[in-house]
Amino acid sequence: MHLAYPAVLAVLLFCTGLYGVLARRNAILVLMSVELMLNAVNLNLVAFDVWLRDALHGGQALTLFTIAVAAAEIGIGLAIVLLVYRNRGSSDIDRLRDLAERPAGPAGAAGSREAQPDTGAEATA
Amino acid sequence: MTLAAASHGFLSPTGVEIAFVLVGIATLGAALQTVTSRQLVHAALWLVVALGGVAVEYLLLTAEFIAWVQVLIYVGSVVVLLLFGLMLTKAPIGPSPDADSGNRWAALTVAGASAAALVWVVVDAFRATWIDLDGTVQGSAEVSGRSLFRFWVLPFEALSVLLLAALVGAIVLSRRGGDAKGAAETSAPAAGEERH
């Protein structure tokens, strides 16, 4: 088999996942797109392992490790998303702007100081 | 590689290549549906198709153990977890018009540009490279298990510790009214309880 087939498929899957991460608004859809990107990397690892006929089978072992790490990642990520949803009432990542830079207000120090209780009130609301 | 390239041709694809391309097109279409569908549950179900297609590609690359692991873990547990997440965050059934954010065209530009650049580089780099699939099977359960427990034992055990840490972390994060959270809630009374 030509090596370009799995490589090109992995590239296209990765870029599809990249589009999803950048364009989606729901946090769980972003996690799905991250899964697509991880799968693209796994496909590359397997294809190159089969091509190189590695004696240690490093590519396939790394693929198994990546799958396990992705499972752990999705567990932690969903726990965080559920926590955010429980505290904020939405999982819309466009509205999670607590760490964003404020537009240049009257004074930077005063702006950051008055932003402090504001975010606390939002978190408990 | 050059010797192998002499016996192959672009215009005479083998059956494995044809199957790979067809399954690849289906996988890519399902992935595109996953990132563009406006119905959140449909996106998760299209993700099942995409991950299953990748598993079939592993089978075609003779990595059968990884294919079954992919089916078990991704299709079996990750997608189920994602569906649980969608239901617990009260995702709307039916089309939700705000599934895509405002920076859609910027995302399309970035993804298209990176796809074009990477496809060009990859095709240019591996133009005359061929995978020999006819020899011994590369990824049967026997071969994978032997290499995993002979050369990769320490990373394997470290991975089990990582999974345990992730499990404990997920439990701590999703437990309602823990100690630290309870201390925070005494100052701001009944923050989480009002919502539920």
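Biologist: Which residues of H7(B) are buried?

Modeller: This is a predicted model, so take everything here as computed. The buried residues of H7(B) are B:Leu159, B:Ala166 and B:Ala170. They sit on the same side of the helix, because they cover an arc of only 30° around the axis.

Biologist: What do they pack against?

Modeller: Helix H3 (58-88) of chain A packs against the buried residues of H7(B).

Biologist: And which exposed residues are on the face turned away?

Modeller: B:Leu154, B:Val161, B:Leu164 and B:Val172 are exposed there, on the face of H7(B) turned away from its buried side.

Biologist: How far does H7(B) reach from its first C-alpha to its last?

Modeller: The reach is 32 Å for 22 residues, residues 153-174. That is close to the 32 Å expected at 1.5 Å a residue.

Biologist: What about H5(B)? Which residues are buried there?

Modeller: In H5(B) the buried residues are B:Ala107, B:Ala111, B:Ala115 and B:Val122. Their arc around the axis is only 60°, which puts them on the same side of H5(B).

Biologist: Why does that kind of spacing line up?

Modeller: An α-helix has 3.6 residues a turn, so residues three or four places apart point the same way.

Biologist: What covers that side of H5(B)?

Modeller: Helix H1 (4-23) of chain A is included in what covers the buried residues of H5(B). On the face turned away from the buried side, H5(B) carries the exposed residues B:Trp105, B:Thr109, B:Ala116 and B:Trp120.

Biologist: Why does the length of H5(B) agree with what a helix should span?

Modeller: At 1.5 Å a residue, its 22 residues should span 32 Å, and the end C-alpha atoms are 31 Å apart, which agrees.

Biologist: Zoom out. How many helices and strands does chain B have?

Modeller: Nine helices and zero strands. Buried residues make up 33% of the 196 residues in chain B. Among contacts in chain B with a separation of 6 or more, 69% join residues 24 or more positions apart.

Biologist: Which stretches of chain B does UniProt list as "transmembrane region"?

Modeller: The unreviewed entry gives residues 18-36, 43-61, 67-93, 105-123 and 152-173 of chain B. Take residues 43-61 of chain B: the model has 95% helix and 0% strand there, with end C-alpha atoms 27 Å apart. Residues 152-173 of chain B are also 95% helix and 0% strand, and their end C-alpha atoms lie 31 Å apart.

Biologist: Which residues of chain A get that annotation?

Modeller: Residues 61-85 of chain A, again from an unreviewed UniProt entry. That span is 100% helix, and its end C-alpha atoms lie 36 Å apart.

Biologist: Pick a residue for me. Is A:Asn42 buried or exposed?

Modeller: A:Asn42 counts as buried, because its relative accessibility is 0% and the cut-off is under 20%. A:Asn42 lies in helix H2 (residues 27-52) of chain A.

Biologist: What is A:Asn42 in contact with, leaving aside neighbours within four places in sequence?

Modeller: Both chains contribute: A:Thr63, A:Thr66, A:Ile67, B:Tyr58 and B:Tyr74. The C-alpha atoms of A:Asn42 and A:Leu64 are separated by 8.6 Å, with the two residues 22 apart along the chain.

Biologist: And B:Ser147, what does that touch?

Modeller: Not counting residues up to four places away in sequence, B:Ser147 touches A:Leu56, A:His57 and B:Trp152. B:Ser147 lies in helix H6 (residues 141-151) of chain B and is buried, with a relative accessible area of 6%.

Biologist: Last topic. Where in chain B is confidence lowest, and where highest?

Modeller: Lowest is helix H9 (residues 191-195) of chain B, at a mean pLDDT of 38, and highest is H5(B), at 94. The mean pLDDT of chain B is 83, and 84% of its residues reach 70 or more.

Biologist: Which residues of chain B stay under 50?

Modeller: Residues 1-5 of chain B stay under 50, and the model has seven contacts for them beyond four places in sequence. Residues 181-196 of chain B also stay under 50, with 13 such contacts.

Conventions
Residues are numbered from 1 along each chain as its sequence is written. Chains are lettered from A and ligands numbered from 1 in the order in which they are written. This is a predicted model: local features need pLDDT of at least 70, side-chain atom pairs count only at pLDDT 80 or more; totals for chains, interfaces and linings use all residues. Side-chain values use heavy atoms; hydrogens and water are left out. UniProt positions are given in the numbering used here, feature names are shortened, and annotations may be inferred rather than shown by experiment. Helices (H or I, at least four residues) and strands (E, at least two) are DSSP runs, numbered from the N terminus. The expected span of a helix is 1.5 Å times one less than its number of residues. Buried means under 20% relative accessible area, exposed over 50%, partly exposed in between (1.4 Å probe, protein chains only). The arc is that of the directions from the helix axis to the C-beta atoms. Contact means heavy atoms within 4.5 Å. pLDDT is the predictor's confidence in each residue, from 0 to 100.
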